[in-house]
Amino acid sequence: MDQDALLQMQEQLDKVKSKVDKWAESEVSALDSMRTSHKTAMKELQENVENLKKEEETAAQEADKASKLSATQEKELESARDGLGKIRAQCATLPDKAAALASEVETERTAIAKSEAAISEADKAKVQRMKELAKGITFYKERLGLEFERIGDDDSLRLTFTKVDARDPDRAFSFDVAVNSENQYQLLNCLPRVEGVEALVKRANEDNNFSRLVVSMRQLFRNKASQGE
């Protein structure tokens with residue numbers, strides 16, 4: 001082969017080599033670009049995966065909070081239902097309680113009315129006893145030398161006799177009498193002391209004859225004076 005043919009062949013080989021180099025360079029550049037794009041895509045994908053994990057964790061936490069809140073609200077709702085049920089049960093018993101209370105009030109009112117009536121009767125009886133005292137005192141004041149005075153804070157009376165002792169007509173004989181809470185005559189003091197007073201008071205309470213009690217007490221005082229005491 002001559003020199004010209006070799007040169008021509010060399011030129012063709014150089015052209016082919018140039019094309020191959022350009023293709024290889026283009027392929028390498030494309031591969032580099034693909035690697036870069038792949039790395040970028042992988043980085044973005046990794047970031048997206050991380051973000052999704054965080055979002056998933058946040059969502060799980062929120063779901064847990066919501067679940068706990070729901071459980072708490074459910075308990076509160078159940079407690080409210082129980083409270084409402086109790087209130088309704090109490091309301092259902094109110095009419096019976098009101099009726100029972102009204103019955104108790106009426107019973108107490110009746111008892112109070114009876115007590116007031118009894119007190120009124122007792123007061124009337126006491127007033128009547130005091131009137132009897134006044135009548136007896138007025139009747140015997142002039143004839144028996146009887147004087148009286150109210151003493152203390154319990155409406156008791158002191159009856160004082162003169163003209164009892166013939167040797168000393170001005171000598172005083174006295175006894176104190178009152179009406180107690182049971183509307184009974186009660187002898188408090190007696191000067192001078194004489195025997196038989198208890199029997200006289202008992203009889204006066206049985207027959208409600210105060211005048212006879214006054215006369216009988218005067219007689220006991222006369223007996224005492226006649227004995228020189």
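What percentage of the 229 residues in the protein chain is made up of buried residues? And which residues of helix α2 are buried, which are exposed, and which residues line the largest pocket?

A: The model is a predicted one, in which local features need pLDDT of at least 70 and side-chain atom pairs count only at pLDDT 80 or more, while totals for chains, interfaces and linings use all residues. Residues are numbered from 1 along each chain as its sequence is written, and side-chain values use heavy atoms, with hydrogens and water left out.

Buried residues make up 18% of the 229 residues in the protein chain, where buried means under 20% relative accessible area, exposed means over 50%, and partly exposed lies in between, calculated with a 1.4 Å probe on protein chains only. The overall form gives the setting: the radius of gyration, taken over C-alpha atoms, is 64 Å, whereas a compact globule of 229 residues would come near 17 Å, by the rule of 2.2 Å times the number of residues to the power 0.38. The C-alpha trace spans about 210 × 40 × 25 Å along its principal axes. Three helices and four strands make up the secondary structure, and they follow the pattern α-β-β-β-β-α-α along the sequence; helices (H or I, at least four residues) and strands (E, at least two) are DSSP runs, numbered from the N terminus.

Helix α1 covers residues 3–144 and includes Val20, which is partly exposed with a relative accessible area of 44%. Between the C-alpha atoms of Val20 and Lys68, which are 48 residues apart along the chain, the separation is 70 Å. Ala113 also belongs to helix α1 and counts as partly exposed at 41% relative accessibility; from C-alpha to C-alpha, Ala113 and Ser18 are 136 Å apart in space and 95 residues apart in sequence.

Now to the part you asked about. Helix α2 runs over residues 197–207, and its buried residues are Val197, Leu200, Val201, Ala204 and Asn205. An α-helix has 3.6 residues a turn, so residues three or four places apart point the same way. On the other side of α2, the exposed residues are Glu198, Ala199, Lys202 and Glu206.

The largest pocket holds about 240 Å³ of space, and its lining consists of Leu187, Leu188, Asn189, Cys190, Arg193, Val194, Glu195, Val197, Glu198 and Val201. The elements that give two or more residues to this lining are β4 (185–191) and α2, and β4 provides the largest share, four residues. By type, the lining divides into six nonpolar, one polar and three charged residues; Ala, Val, Leu, Ile, Met, Phe, Trp, Tyr, Cys and Pro count as nonpolar, Asp, Glu, Lys and Arg as charged, and the others, Gly among them, as polar. On a 1 Å grid over the protein atoms alone, a pocket is an open set of points where a 1.4 Å probe fits, with protein on both sides within 12 Å along at least five of seven lines, and lining residues have an atom within 4 Å of a point. Grid points are joined across faces, edges and corners, and the volume is the space filled by probe spheres set on the points.

The backbone around this part also deserves attention. Most residues other than glycine have a negative phi, and most peptide bonds are trans. Pro192 sits in the loop between β4 and α2, and a cis peptide bond with omega of about -5 degrees joins Leu191 and Pro192. Just after α2, Asn208 takes a positive phi of about 55 degrees; Asn208 lies in the loop between α2 and α3 (210–226) and, at 31% relative accessibility, counts as partly exposed.
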